[in-house]
Amino acid sequence: MAGSLNKVQLIGHLGKDPEIRHTREGRGVASFSLATSESWRDKTTGERKDRTEWHNIVVFTEGLVKVAEQYLKKGGLVYVEGQLTTRKWQDQSGNDRWTTEVVLQGFNATLTMLGGKRDDGGRYDAEQRGLDPDRAAGRSTAARQSSIHEDLDDEAPF
């Protein structure tokens, strides 16, 4: 098999409200932490064990940034699908640091709210609250048709 695949799928709870920043060009960028947990019973002691992993999520897709800004809150349950990316940066002391993030960008990015709307007590309703999946992903009918036509404009080798 030629090629490779970089795809991450996570279901977890937001560790804090999304942080929204803007690029110099004015494009929104959302970032938040996502907790995924697993639990099991230790075979030798019978004790229940838990482990939580924290994932840094960065959203560049315009429609998904709007959804994150308007609807996502700390504790909310979401499904994200994106690519794993490691970037290098320097801290205030000039030391090199690396951060691994799940990046939601382009047409392969998915952000789905699973927990529904948050009530006043900080809890989420059991039922899913309605966003059209294409609108939530920032894809309009015209944009989907446009991208299909762009793909068809390439010269066919046969």
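This is a dialogue about how to read the features of one predicted protein model.

Me: What should I keep in mind about the numbering and the predicted model before I begin?

Reply: Residues are numbered from 1 along each chain as its sequence is written, and side-chain values use heavy atoms, with hydrogens and water left out. Because this is a predicted model, local features need pLDDT of at least 70 and side-chain atom pairs count only at pLDDT 80 or more, while totals for chains, interfaces and linings use all residues.

Me: Which helices and strands does the protein have, and how do the elements run from the N terminus?

Reply: Helices (H or I, at least four residues) and strands (E, at least two) are DSSP runs, numbered from the N terminus. Here the protein has three helices and seven strands, and the elements run β-β-β-β-α-β-β-β-α-α from the N terminus on.

Me: How do I read burial, and what share of the residues count as buried?

Reply: A residue is buried under 20% relative accessible area, exposed over 50%, and partly exposed in between, with a 1.4 Å probe and protein chains only. Of the 158 residues of the protein, 28% count as buried.

Me: What does T99 touch?

Reply: Contact means heavy atoms within 4.5 Å. Leaving aside its neighbours within four places in sequence, T99 is in contact with N56, T85, T86, R87 and W89. With W89 there is also a polar contact, side chain to side chain, at 2.6 Å; such a contact is a pair of N or O atoms within 3.5 Å, where, within protein, one must be able to donate a hydrogen and the other to accept it, and residues adjacent in sequence count only if both atoms are side-chain atoms.

Me: Which residues have the most contacts inside the largest nonpolar core?

Reply: A nonpolar core is a set of buried Ala, Val, Leu, Ile, Met, Phe, Trp, Tyr and Cys residues joined through side-chain atoms within 4.5 Å. The largest one has 20 residues, and those with the most contacts inside it are F32, I57, V80, L104 and L111. Strand 1, strand 3 (28-41), strand 4 (48-59), helix 1 (62-71), strand 5 (77-90), strand 6 and strand 7 (110-113) each supply at least two residues of this core, and helix 1 gives the largest share, four residues. Leaving aside neighbours within four places in sequence, the contacts of L104 include I57, L64, V80 and L111.

Me: Which strands pair in the parallel sense, and which in the antiparallel sense?

Reply: Two strands pair if DSSP finds at least two bridges between them. Strand 4 and strand 6 pair in the parallel sense over four bridges, and the bridge partner of I57 in strand 6 is V102. Strand 5 and strand 6 pair in the antiparallel sense over eight bridges, with T85 standing opposite E101 in strand 6; their hairpin has five residues between the strands, and G94 takes a positive phi near 85° there. Strand 2 (residues 19-22) and strand 3 are also antiparallel, over four bridges, and H22 has G28 in strand 3 as its bridge partner. In the hairpin of strand 2 and strand 3, which has five residues between the strands, G26 takes a positive phi near 90°.

Me: How many salt bridges does a search of the whole structure find?

Reply: Side chains of opposite charge can pair when their charged atoms come close. A salt bridge is a side-chain nitrogen of Lys or Arg within 4 Å of a carboxyl oxygen of Asp or Glu, and a search of the whole structure finds seven. In one of them the side chains of K66 and E62 meet at 3.5 Å, N to O; because K66 and E62 are four residues apart in helix 1, they are separated by about one helical turn. K66 counts as partly exposed at 44% relative accessibility, whereas E62 is exposed at 55%. Another joins D96 to K88, the closest N and O atoms being 3.3 Å apart; here D96 is partly exposed at 35% relative accessible area and K88 is exposed at 52%.
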